[in-house]
Amino acid sequence: MSKPFKFKQFTIKQNRCAMKVGTDGVLLGAWTSVDHALNSVLDIGAGTGLISLMLAQRCPAELMDAIEIDDNAFEQCVENFEASPWSDRLFCYHAGFDEFVDEIDDQYQLIVSNPPFYSENVTSGDQQRDMARNSFSLPFDQLLEGVAKLLAEKGQFNTIIPFKEEQKFIELAAHFRLYPNRVTHVKGTPVSEYKRSLIAFSFQETEIKTSELTIEIERHKYTQEYINLTKEFYLKM
């Protein structure tokens, strides 16, 4: 059984979720730009609710919606929202993304997603975990098409994907008039290859601000950049 993961201002129970608290979610929740005029946020594929909770801690948006299709993850997400200091602002829909897109008339100023992205057909023997990890449960084109419908004209869509998928994802996004404005390439150590891409998209084509982030100098010794990014959340930072 997975122990709850304690952050500085909230706790994540994760014993019923296939995808546990991981670096990708923490990175996205901390890296995403939040503006104090921001009033509506949507988290697609919320899992434990981690990213929504991080954003609730960071910004005063009144409307903070999340969507989760998996029964157990949905119930756990609701439990984590209700136990948090921001329970009055957080709401999770139990739905598939396609039906949500069809039914919701609202548009959101900020949309975030840590999408299931193992496009290779990975099977671990755990069906719930495989569905959370395999992109056949939410293909990139379906994700981007839905985001383009739900995103406000001046809104931002932030995501984290494998570095090797970046070019394909950006090309796909352009079909829906979504353009990258900010990109950060993430690697585990100074000598390792890039593993993830954090990307902020909008409907405005701008010069792309690119940067890189290294997580550890060596095992369990974090870089100052990573500490600065995550210190509002991790107990040990």
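The model is a predicted one, in which local features need pLDDT of at least 70 and side-chain atom pairs count only at pLDDT 80 or more, while totals for chains, interfaces and linings use all residues. Residues are numbered from 1 along each chain as its sequence is written, and side-chain values use heavy atoms, with hydrogens and water left out.

Let me begin with the chain as a whole. It contains eight helices and twelve strands. Its C-alpha trace spans about 45 × 40 × 40 Å along the principal axes.

In what order do the eight strands of the open sheet lie? The order is S5-S4-S3-S6-S7-S9-S8-S10, with mixed pairing; two strands pair if DSSP finds at least two bridges between them. At the edges are strand S5 (90–94) and strand S10 (209–214), each pairing on one side only. On average, neighbouring strands of this sheet are turned by 15° against each other, direction ignored. For angles and axes in this talk, axes are lines fitted to C-alpha atoms, for helices over the stretch in contact, and angles run from 0 to 180 degrees between N-to-C directions.

Strand S3 (residues 40–44) and strand S4 (residues 63–68) run parallel and are joined by five bridges. Ile 44 has Ile 67 in S4 as its bridge partner. Helix H2 packs on the sheet, where it touches S3, S4, S5 and strand S6 (108–113), and its direction makes about 170° with that of S4. Contact here means heavy atoms within 4.5 Å.

H2 (residues 50–58) also meets helix H1 (residues 23–31): their axes come within 9 Å and cross at roughly 25°. H1 and H2 are therefore roughly parallel to each other; the classes are under 35 degrees for roughly parallel, over 145 for roughly antiparallel, 65 to 115 for roughly perpendicular, and oblique for the rest. The H1 residues in this contact include Gly 25, Val 26 and Trp 31, and those of H2 include Met 54 and Arg 58. By class, the contact has eight nonpolar, two polar and one charged residues. Here Ala, Val, Leu, Ile, Met, Phe, Trp, Tyr, Cys and Pro count as nonpolar, Asp, Glu, Lys and Arg as charged, and the others, Gly among them, as polar.

Phe 140, Asp 141, Leu 143 and Leu 144 of H6 meet Phe 169, Leu 172 and Ala 173 of H7. These residues divide into six nonpolar, no polar and one charged. H7 (residues 166–174) also lies across strand S7 (151–162), strand S8 (179–187) and strand S9 (194–202), running at about 15° to S9.

Finally, two loops. Arg 177, in the loop between H7 and S8, has a positive phi near 60°. His 220, in the loop between strand S11 (216–218) and strand S12 (221–222), has a positive phi near 65°.

Definitions and conventions. Helix = DSSP H or I, 4+ residues; strand = E, 2+ residues; numbered from the N terminus.
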